[in-house]
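Please look over the sequence and the 3D structure below. A short report follows.

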Amino acid sequence: MPKAESNPASKSDPIEKPSGPPKPPSGDSRRGAIAGLIIAAVILGIGLWLARDLTAASKMQDCLMSGRSNCNVIEPAR
């Protein structure tokens, strides 16, 4: 009976030798980052709009609570 080779260096099994860490797909990693950036920008825009609107409403309420009857904002002519 022939003896089986016991030298592991002579065997070339691709499963035992990983060629390095797997590379992530380049499109997927950027797509998620861009989507996160867009969502953050939208939330920031909504927050700024809401803050401006609430500030205007607060000023209007302060004017009305002080007893004045003409609290409309007067915009200068252009």
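Alanine 56 is partly exposed, because its relative accessible area is 45%. Buried means under 20% relative accessible area, exposed means over 50%, and partly exposed lies in between (1.4 Å probe, protein chains only). Alanine 56 lies in helix 1. Its C-alpha atom is separated by 9.6 Å from that of valine 73, 17 residues apart along the chain.

This is a predicted model: local features need pLDDT of at least 70, side-chain atom pairs count only at pLDDT 80 or more, and totals for chains, interfaces and linings use all residues. Residues are numbered from 1 along each chain as its sequence is written, and side-chain values use heavy atoms, with hydrogens and water left out.

The protein has 1 helix and 0 strands. Both are DSSP runs numbered from the N terminus: helices are H or I with at least four residues, strands are E with at least two. Helix 1 covers residues 26-65, and leucine 54 sits in it.

The structure holds 1 disulfide, which is a pair of cysteine sulfur atoms within 2.5 Å. Cysteine 63 is joined to cysteine 71, S to S 2.0 Å. The torsion about their S-S bond is about -85°, so the disulfide is left-handed.

Here are some residues by accessibility.

| Residue | Relative accessibility | Class |
|---|---|---|
| Leucine 54 | 51% | exposed |
| Cysteine 63 | 10% | buried |
| Cysteine 71 | 11% | buried |

Buried residues make up 3% of the 78 residues in the protein.
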